Amino acid sequence: MSCWDIIADYGLRSVGIGERLLPRSDFTLCHQFTLIGSGMIWNIYFGILALISGFFLATAVAMGKASRNVVIRKASDWFIFVFRGSPLFIQFFFAYFLFLSLKAHIDFFGVFTAAWLGALVVLFLNTAAYSGEIFYGAYLSIPKGDIEAADAYGLTGWARFRRITWPTMLRLAWPAYTNEAIFLFHATTLVFFSGFPAIQQKGDALYYANYFADKTFNPFIPYPILAGYFIVLVLIVITIFGLVNKRLNRHLPQESRAKLRFRLNLIR
Amino acid sequence: MFDFCTNPDTLGDFQWMLCYLTTGKHMGLYISFGTVLLLLAITAPTALLFGFGGAVAARSRFFVISVFGRGYISVVRGVPDIAFFLFFVIALDQGLEFIRHKIKCPDWTDAIWQGNDFVVCQAAKLPLGTSPQWIHEVYGFALAVLTFAIVFGAFAANVLYGAMTAVPKAQIETAAAYGMSRRQTFWRIIVPQMWVYALPGLGNLWMVLIKATPLLFLLGIEDIVYWARELGGTKTSRFTDYPHGDWRMWYFLMLLVFYLGFTKLSELVLDRVMARLTFGQATAGGEAQRKANA
């Protein structure tokens with residue numbers, strides 16, 4: 001069986017296309033690369049969707065935290081505290097069992113007990129809280145002069161937010177936000193190790209890496225493969241975020257542009 | 001636990017709950033909170049030690065040691081975290097057994113990795129197949145602590161390395177002017193002063209460490225996550241005196257609250273310590289403190 005056959009059989013295994021049974025013996029390097037790579041589909045799916053949706057909520061939360069209205073401010077504070085103060089692992093478990101008991105009463109919540117939606121909701125809220133805090137910090141450090149200039153031009157309300165506050169906030173937050181994006185991609189590996197079941201063994205990259213490590217009793221092949229995939233993924237994320245960073249900073253003189261500095265990988 | 005618990009079916013709601021929450025299995029849950037705290041209490045200093053070693057190694061003038069220190073820091077920090085936990089537990093276990101195998105059974109001729117099996121002689125098994133259950137548990141716990149210490153040691157090494165370089169140059173030059181050797185400068189000037197620069201980073205790390213403790217579950221320890229799943233599941237009256245539906249949601253809610261409380265408490269304590277360490281330092285924080293008191 002050539003490697004191409006294996007790729008054809010298992011390349012999309014993680015989404016349920018191809019061979020039904022996972023390989024049980026005679027694991028080749030090709031098997032491991034293909035299946036773990038196939039699992040990456042889920043990591044990328046969770047990462048990208050949570051990042052995009054979380055971005056908007058994060059902006060709202062940051063603005064809420066800076067709001068003069070006590071109710072909105074407190075609500076944002078608590079939202080951030082709950083999601084940043086507790087382990088993501090426990091959040092996954094709690095959400096899964098919450099959806100499970102809601103399902104018993106209302107059928108609508110049935111879909112949420114599947115990882116593709118339920119875990120996505122948790123990741124969405126989680127990243128919104130972490131990025132919300134980052135955006136809030138950036139909001140506080142918007143140069144006073146920028147706001148005064150906006151006032152002088154008669155910009156208020158929505159126009160001021162869209163043209164001055166928001167772009168400046170994003171520009172200041174971007175290096176930290178890049179790190180958050182990387183954490184988020186790493187955090188996606190937790191999904192199938194928490195409450196959410198990998199139905200029909202459709203799991204993510206770590207799920208398959210763990211499968212191989214369990215079957216072969218040799219962790220020295222699947223985990224480095226997983227690490228390799230993640231390093232590539234992180235490099236791609238860094239490149240894309242670097243381009244955005246460039247665009248956000250394009251109006252500044254060369255030397256004062258914020259450089260991206262990466263502090264990789266902490267667990268949340 | 002209580003005398004009136006002998007026949008739970010006849011009890012009122014409050015007493016039933018009281019009895020339910022004090023069953024033997026729940027004691028297991030409460031003890032597992034202790035396990036988590038114990039893990040934190042052991043891991044934090046061990047990781048700090050690893051971190052200190054890593055930072056000193058990375059600063060070393062010997063190229064090989066320096067490369068080793070830097071490598072340790074960047075490799076562990078560059079790879080997804082859970083993968084590391086899953087990897088290290090097996091890798092450490094096999095590594096230890098491999099070394100013991102080489103020492104204890106030098107005459108062994110078969111390959112150790114036979115296809116999908118990892119085979120060592122009986123005498124090299126860790127823990128020995130004949131040892132009692134508690135040794136197995138302690139061994140598992142020790143592996144978990146070591147894994148945590150290695151991973152968090154790399155993070156701590158990075159923080160401490162940064163803190164060591166953050167000590168003002170003038171201080172080190174003054175030490176040199178007084179004729180202190182490199183070693184003396186390190187122990188008398190850099191180490192006492194670096195903590196104030198390291199504390200924000202270490203505090204952060206502590207928070208992260210707290211939040212990483214549920215991963216113990218993945219390492220096969222009977223921790224709070226294990227018990228919450230175990231106790232929360234639906235119980236019928238055939239197996240227990242206290243039948244109930246699926247309560248796992250409530251158990252995990254309790255864990256959530258536990259962690260929130262714990263992080264909040266840590267935050268308060270860290271703020272205190274930071275205020276204490278900043279006192280009298282030539283930093284913006286120390287200056288602000290001085291002005292506030294004046």
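Me: Which residues of H9(B) are buried?

Reply: The buried residues of H9(B) are B:Arg248, B:Met249, B:Tyr251, B:Phe252, B:Leu255 and B:Tyr259. A residue is buried if 20 or more other C-beta atoms, placed from the backbone, lie within 10 Å of its own, exposed if 12 or fewer, and partly exposed in between. Helices are DSSP runs (H or I, at least four residues), numbered from the N terminus. The model is predicted: local features need pLDDT of at least 70 and side-chain atom pairs count only at pLDDT 80 or more, while totals for chains, interfaces and linings use all residues. Residues are numbered from 1 along each chain as its sequence is written, and chains are lettered from A and ligands numbered from 1 in the order in which they are written.

Me: Against which helices do these buried residues of H9(B) pack?

Reply: Contact requires C-beta atoms, placed from the backbone, within 7 Å. The partners are H3 (70-85) and H4 (88-105) of chain A, together with H7 (182-212) and H8 (224-232) of chain B.

Me: How many residues of chain A are in contact with chain B?

Reply: There are 35, in contact with 34 residues of chain B. Elements giving two or more residues to this side of chain A are H3, H4, H8 (205-216) and H9 (222-248) of chain A. H4(A) gives the most, with 8 residues. The side divides into 24 nonpolar (Ala, Val, Leu, Ile, Met, Phe, Trp, Tyr, Cys and Pro), 2 charged (Asp, Glu, Lys and Arg) and 9 polar residues (the others, Gly among them).

Me: Which residues touch the most other members of the largest nonpolar core?

Reply: A nonpolar core is a set of buried Ala, Val, Leu, Ile, Met, Phe, Trp, Tyr and Cys residues joined through C-beta atoms within 7 Å. Of 127 residues in the largest core, they are A:Phe92, A:Ala209, B:Ala156, B:Ala157 and B:Leu160. Its largest share, 16 residues, comes from H5 (133-166) of chain B.

Me: Where does pLDDT stay under 50 in chain A?

Reply: pLDDT is the predictor's confidence in each residue, from 0 to 100. Where it is low, the predicted coordinates should not be read in detail. Residues 264-268 of chain A stay under 50, whereas the mean for chain A is 87.

Note on methods. Two residues are in contact if their C-beta atoms, placed from the backbone, lie within 7 Å.
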